Amino acid sequence: MLQIKDLQAGIEGKEILKGINLTIQPGEVHAIMGPNGSGKSTLAAVLAGRSDYEVTGGSVEFLGKDLLDLSPEARAGEGLFLAFQYPVEIPGLSTINFMKTAVNEVRKYRGEPTLDAAEFLKLMKEKMNLVNIDKNLLTRSLNEGFSGGEKKRNEVFQMAMLEPRLAILDETDSGLDIDAIRIAAAGVNAVRSKENATLVITHYQRLLDYIIPDFVHVLYNGRIVKSGGKELALELEETGYSFLKNEMNIA
Amino acid sequence: MSTINIIKDRARQLGADQLDALQPIRTAALASFDKLGVPAVKHEEWKYTRVSQLFNQAYQIGADTATSDLNWQAFRLPEFETANELVFINGVYNAAASTVRSAGLVVLPLQDAAQGEYASIVSKHLGHSAQYLNDGINALNTSFLVGSVFIGVNRSTEIEHPIYIYNINDGRKENVFAQPRTLVHVAENAGVVLVETYGSIGSADHFTNQVVEVVVEQDARIEYYKIQNDSARSSQVSTTHFRQVGKSYVHAVTISLNGAMVRNNLNMVMEAEYCESNMYGLYFTSDSCHIDNHTIVDNVKPHCLSNEFYKGILDGSSTGVFNGKIFVRQDAQKINAFQSNKNILLSDTASVYTKPQLEIFADDVKCSHGCTIGRLDEEGLFYLRSRGITEAIARSLLLHSFAIDILEQVKPDAIRAYIDQLISERLGS
């Protein structure tokens, strides 16, 4: 469903991604790991359509469409979802109102009828149970004053509401304790299916104890330098990223 | 003859025609106006608001027109069926069009109030705003005092339904200069909700110079809402001057959505201990609209609380001005005064001038102030768009969420919904 070919991108003239190749099929879970500064979050941002990043080469095809040609909202409409590393706080806008607009905008994009208030509430209730989030959180201003765990749980809730084909989790574990990671991961697993895929971006292996990947890729210096199964994550956990530098130097 | 001289002539003529109890006040005010003139740009308080240019054209002055063929009803506020409605046409109170329903509410021509049982209140409080607005414009209003109104809320009465004040200008034939004037007295332990709105009919230019003075007695409460959504050919200087003479509560919200040149003076004189006053404002401007909010909080006595929060959204080549003065007199110990002004500029040609001004002569007080000017949050915009929300709707959601904490200060549901609708229309959602 996702085909990234020789993707090159940067910000303010600085090249960060230097030719990424990655193919993701429906039902798969891929993990991208790598040290700080390797380009993990840049990849997530470019896929979601953040305008301050400039794509300088390569292509990304998502469900048969040229992803890079689409606006961020059209990407969401096509079924792409990015769980933010730093979810934005928006005082004065409740998660419920936000999601009501988002769900219906996405439905419009897909040519589906919009939900009325009752239908929306039903959907919301169902997804709240699925990802185990409290209603009080959803009536408050979006992310304002939320703890790190609450913010990430809210991201997972939004993901459940929008039912994406491809979910990208950008450092969803960062800043969370193990209980919060477990809750967030349980939410992610609850919405997984054969039709949709997940791309987990993480620095540490620990999230992958709960969201088991089919493939693990190591990103270093803007390139995927190593790919393997879930055991690669464990290997990295033991040896750290320092081996990369050695391998790279030799190569 | 210049417009200013014509206006003065009319004021003098009034002096000859109307020999009522207000005559000495008019005469004194005209002398003041003679002396002060119209504030020029070099006047510090009028630096950004060139009110003098409004006097460069001819006006029909304060003429009452028949309401039979004037569709002032188009400006009625929601739930008017049960409200008290006071109608000013071209600055002159029109009793025939007005309706006073609530028990305990007294509405009188000001000159009548000046000689009956309210005489002492009128003589004590009418013109008090001049002490704070020593700039000619205020004196000009007082030099006319025709078709002015006294609103009295009787002691221990909670006025059940709001008072709606419609300031309507009929500019179908000529440019209009209107000077509505109201003195409101909220007696001990009384409560009232007052909503003012403005509407212009016809395509001529309108200039309204309004003064509202409100006296709030011991244990009294007032909510005051000003909704400005007039045409792009309507300018106004609108002064609302509160005088809290007993421990009392004032809640004022100013919503400014349209107009040519709009200057609001909101004064809060806290002359008793343990007064509380809230001042909220939202200005949302576009095109070449100019909205200026000048506020004064004067802490005369100790233990008072004032809370001020203004927000602005400026688009097109519009201009916003916020000037918030807080005086804390030497005796006014243990007061709390908060002030905040936040602005979002949506275009490169919009501008905002914001200035907090604190003058504190007491040593045991808590005062804070702050102002921000920024652009629409790009991070927030991307966050919303990444969830499938189009850029236009995302912008409108973000701006609405920015405005909402002011909107929430409008307590009557019907009025809040009405303003919310105006804002949503403006946001195109």
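Me: Which residues does Leu166(A) touch, not counting residues up to four places away in sequence?
Reply: This is a predicted model. In it, Leu166(A) touches Met1(A), Leu2(A), Ile24(A), Phe62(A), Gly79(A), Leu80(A), Phe81(A), Ala197(A), Thr198(A) and Leu199(A), leaving aside residues up to four places away in sequence.

Me: Which residues of the largest nonpolar core touch the most other members?
Reply: Leu166(A) is one of them, along with Ile4(A), Phe157(A), Ile168(A) and Leu384(B). The core has 124 residues.

Me: And which element gives the most to this core?
Reply: That is α7(B), with 8 residues.

Me: What about a second core, how many residues does that have?
Reply: The second core is separate and has 49 residues. Val149(B), Ile159(B), Ile222(B) and Leu314(B) are among them.

Me: How do the lining residues of the largest pocket divide by class?
Reply: There are 9 nonpolar, 5 polar and 7 charged residues.

Me: OK, and the second largest pocket, how much space lies there?
Reply: About 330 Å³. Its lining has 17 residues, and Leu93(A), Asn97(A), Thr101(A), Leu397(B) and His400(B) are the closest to its centre.

Me: Which element gives the most to that lining?
Reply: α7(B) again, this time with 6 residues. The elements that supply at least two residues each are β7 and α3 (95–109) of chain A, plus α7 and α8 (413–427) of chain B.

Me: What classes are in the lining of the second largest pocket?
Reply: The count is 5 nonpolar, 11 polar and 1 charged.

Me: Which residues point which way from β14(B)?
Reply: Met261(B), Arg263(B), Asn265(B), Asn267(B) and Val269(B) point one way. Val262(B), Asn264(B), Leu266(B), Met268(B) and Met270(B) point the other way, and residues on both sides are buried.

Me: How many bridges join β12 of chain B to β14(B)?
Reply: There are 9, and the two strands run parallel.

Me: Over to chain A. In what order do the 4 strands of the open sheet come?
Reply: The order is β2-β1-β4-β5, with antiparallel pairing.

Me: Why is one side of β2 and of β5 left without a neighbour in the sheet?
Reply: Because β2 (14–24) and β5 (65–66) of chain A stand at the edges, and each has a single partner strand.

Me: What joins β4 to β5(A)?
Reply: Strand β4 (residues 54–62) of chain A pairs with β5(A) over 2 bridges, in the antiparallel sense. Across from Lys65(A) in β5(A) is Phe62(A). Phe62(A) is also among the residues that Leu166(A) touches.

Terms used:
Residues are numbered from 1 along each chain as its sequence is written. Chains are lettered from A and ligands numbered from 1 in the order in which they are written. This is a predicted model: local features need pLDDT of at least 70, side-chain atom pairs count only at pLDDT 80 or more; totals for chains, interfaces and linings use all residues. Side-chain values use heavy atoms; hydrogens and water are left out. Ala, Val, Leu, Ile, Met, Phe, Trp, Tyr, Cys and Pro count as nonpolar, Asp, Glu, Lys and Arg as charged, and the others, Gly among them, as polar. On a 1 Å grid over the protein atoms alone, a cavity is a set of points where a 1.4 Å probe fits but cannot get out, and a pocket is an open set with protein on both sides within 12 Å along at least five of seven lines; lining residues have an atom within 4 Å of a point. Grid points are joined across faces, edges and corners, and a volume is the space filled by probe spheres set on the points. A nonpolar core is a set of buried Ala, Val, Leu, Ile, Met, Phe, Trp, Tyr and Cys residues joined through side-chain atoms within 4.5 Å. Buried means under 20% relative accessible area, exposed over 50%, partly exposed in between (1.4 Å probe, protein chains only). Contact means heavy atoms within 4.5 Å. Two strands pair if DSSP finds at least two bridges between them.
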